[in-house]
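Please look at the sequence and the model before reading on.

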Amino acid sequence: MHTSSHTVLYDPDGLIEAELPLDREPYECLVKAVLAWTDEDTLTTRDYEQIALQLTGHARAVAADVRRRANQLPKSSGRRALADVVLREAEGRLSTAIEGTVNCVQNRARLVRALYERLDRLDRLDAAPVTAI
């Protein structure tokens with residue numbers, strides 16, 4: 001007998017995620033704090049690993065948003081091509097193993113910042129009015 005009360009959702013296009021806004025402010029504060037670090041002896045290796053894991057998860061969420069927005073653009077769009085380059089770079093950086101070091105955490109923070117910059121550019125350009133020639 002199966003008594004689970006959980007429902008499994010099939011969402012191959014990530015539409016459920018697309019409806020949820022990212023909680024951006026805490027991660028921007030974390031990125032800013034991490035990039036300001038200068039002394040490597042302030043936290044333990046496990047602390048650095050945990051922060052890197054948090055930033056990695058958030059980078060994946062932001063990358064998914066960038067991907068969704070870029071996929072709405074025409075394939076011949078320069079903005080889409082640039083977003084694809086940024087996403088390939090992000091994928092490569094996210095595939096590296098997490099280390100309990102300041103350098104690793106700062107690299108993840110830089111990645112989150114770069115993904116937000118790309119997302120902002122896609123949002124800004126999408127919101128710009130289209131003028132007829």
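Which residues in α2 meet I51, Q54, L55 and H58 in α3? They are Y27, L30, V31 and V34, where a contact means heavy atoms within 4.5 Å. The contact of α2 with α3 divides into 6 nonpolar, 2 polar and no charged residues. Ala, Val, Leu, Ile, Met, Phe, Trp, Tyr, Cys and Pro count as nonpolar, Asp, Glu, Lys and Arg as charged, and the others, Gly among them, as polar.

The model is predicted, with local features needing pLDDT of at least 70 and side-chain atom pairs pLDDT 80 or more, while totals for chains, interfaces and linings use all residues. Residues are numbered from 1 along each chain as its sequence is written, and side-chain values use heavy atoms, without hydrogens and water.

Helices are DSSP runs (H or I, at least four residues), numbered from the N terminus. Axes are lines fitted to C-alpha atoms over the stretch in contact, and angles run from 0 to 180 degrees between N-to-C directions.

| Helix pair | Axis separation | Angle |
|---|---|---|
| α2 (residues 24-35) and α3 (residues 45-71) | within 11 Å | roughly 130 degrees |
| α3 and α4 (residues 78-94) | 10 Å | about 160 degrees |

The angle for the α2 and α3 pair makes α2 oblique to α3. The α3 and α4 angle makes α3 roughly antiparallel to α4. Angles under 35 degrees count as roughly parallel, over 145 as roughly antiparallel, 65 to 115 as roughly perpendicular and the rest as oblique.

In the second pair, α3 residues including T56, A59 and R60 meet R80, A83, L87 and L94 in α4. By class, this contact of α3 with α4 has 7 nonpolar, 2 polar and 3 charged residues.

Definitions and conventions. Helix = DSSP H or I, 4+ residues; strand = E, 2+ residues; numbered from the N terminus.
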